[in-house]
Amino acid sequence: LRAERFVSRWNELSNQADRHYATGNIDAYKNARSAMANMARSLERDPQLESLLASRKAQLGITMMDSERKLGAQLAFEHGLDLGRGRGRGLGL
């Protein structure tokens with residue numbers, strides 16, 4: 001049930017973002033994309049849900065099967081989401 005809700009909410013936000021972008025409502029577009037990034041980030045703290053979602057990658061819009069990335073990172077990469085980690089992190093910049 002948790003996986004179903006996650007997939008449903010993810011797709012709802014993705015569709016909203018697309019609609020807002022098409023109509024030029026950039027603030028609403030950014031809000032939807034931010035909510036998607038938060039959902040992807042939340043999988044880092046919920047390995048059980050991440051495991052449940054592993055078989056639903058196609059439903060989440062993941063086309064590349066990259067076994068090196070965790071699901072949340074893969075979602076962010078495939079959908080062009082920024083998870084808030086700066087490029088300079090860990091480089092002493």
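Student: Which residues does His20 touch, not counting residues up to four places away in sequence?

Tutor: In this predicted model, His20 touches Asn25, Ala28 and Tyr29 when residues up to four places away in sequence are not counted. His20 itself has its place in helix α1, while Ala28 is found in helix α2.

Student: Why is His20 called partly exposed?

Tutor: Its relative accessibility is 23%, and a residue is buried under 20% and exposed over 50%, with partly exposed in between.

Student: What makes Ala28 buried?

Tutor: Ala28 has a relative accessible area of 18%, and because buried means under 20%, Ala28 is placed among the buried residues. The C-alpha atoms of Ala28 and Gln16 are separated by 8.4 Å, although these two residues are twelve apart along the chain.

Student: How do you know that helix α1 is roughly antiparallel to helix α2?

Tutor: Helix α1 (residues 2-23) and helix α2 (residues 26-42) pack at an angle of about 155°, and their axes are 8 Å apart. Angles over 145 degrees count as roughly antiparallel, so α1 is roughly antiparallel to α2. The crossing in which α1 passes α2 is left-handed.

Student: Which residues make this contact between α1 and α2?

Tutor: On the side of α1 they include Phe6, Trp10, His20 and Tyr21, and on the side of α2 they include Ala28, Tyr29, Arg33 and Met36. The residues of the contact divide into 13 nonpolar, three polar and two charged.

Student: How many aromatic pairs does a search of the whole structure find?

Tutor: The search finds two aromatic pairs. A pair of aromatic rings is described by the distance of the centres and the angle of the planes.

Student: What makes the pair of Phe6 and Trp10 stacked?

Tutor: The ring centres of Phe6 and Trp10 lie 6.2 Å apart, with the planes at 10°. Phe6 and Trp10 both lie in helix α1, where they are four residues apart, about one turn of the helix.

Student: Why are Phe6 and Trp10 called buried?

Tutor: Phe6 has a relative accessible area of 6% and Trp10 has one of 0%, and because buried means under 20%, the word applies to Phe6 and to Trp10.

Student: Why is the pair of Tyr21 and Tyr29 called tilted?

Tutor: The ring centres of Tyr21 and Tyr29 are 5.2 Å apart, which is within the 6.5 Å cut-off for a pair. Their planes stand at 50°, and since planes under 30 degrees apart count as stacked and those over 60 as edge-to-face, with the rest as tilted, the pair of Tyr21 and Tyr29 is tilted.

Student: Is Tyr21 buried or exposed, and what is Tyr29 counted as?

Tutor: Tyr21 has a relative accessible area of 54%, and because exposed means over 50%, Tyr21 is exposed. Tyr29, at 22% relative accessibility, lies between the cut-offs of 20% and 50%, so Tyr29 counts as partly exposed.

Student: Which residues of helix α4 are buried, and what do they pack against?

Tutor: In helix α4 (residues 71-78), Leu71, Gly72, Gln74, Leu75 and Ala76 are buried, and the buried residues of α4 pack against α1, α2 and α3 (47-53). After α4 comes Gly80, whose phi is positive, near 65°.

Student: How do you know that Leu81 counts as buried?

Tutor: Leu81, in the segment after α4, has a relative accessibility of 11%, and because this is under 20%, Leu81 counts as buried. Leaving aside neighbours within four places in sequence, Leu81 is in contact with Trp10, Arg33, Met36, Ala37 and Ala76.

Student: What makes Gln48 exposed?

Tutor: Gln48, which lies in helix α3, has a relative accessibility of 55%, and because exposed means over 50%, Gln48 counts as exposed. The C-alpha atoms of Gln48 and Arg2 are separated by 9.9 Å, with the two residues 46 apart along the chain.

Conventions
Residues are numbered from 1 along each chain as its sequence is written. This is a predicted model: local features need pLDDT of at least 70, side-chain atom pairs count only at pLDDT 80 or more; totals for chains, interfaces and linings use all residues. Side-chain values use heavy atoms; hydrogens and water are left out. Axes are lines fitted to C-alpha atoms, for helices over the stretch in contact, and angles run from 0 to 180 degrees between N-to-C directions. Helices (H or I, at least four residues) and strands (E, at least two) are DSSP runs, numbered from the N terminus. Angles under 35 degrees count as roughly parallel, over 145 as roughly antiparallel, 65 to 115 as roughly perpendicular and the rest as oblique. A crossing is left-handed if the near helix is turned anticlockwise from the far one by less than a right angle, and right-handed if clockwise. Contact means heavy atoms within 4.5 Å. Ala, Val, Leu, Ile, Met, Phe, Trp, Tyr, Cys and Pro count as nonpolar, Asp, Glu, Lys and Arg as charged, and the others, Gly among them, as polar. Rings of Phe, Tyr and Trp (its six-membered ring) pair if their centres lie within 6.5 Å; planes under 30 degrees apart count as stacked, over 60 as edge-to-face and the rest as tilted. Buried means under 20% relative accessible area, exposed over 50%, partly exposed in between (1.4 Å probe, protein chains only).
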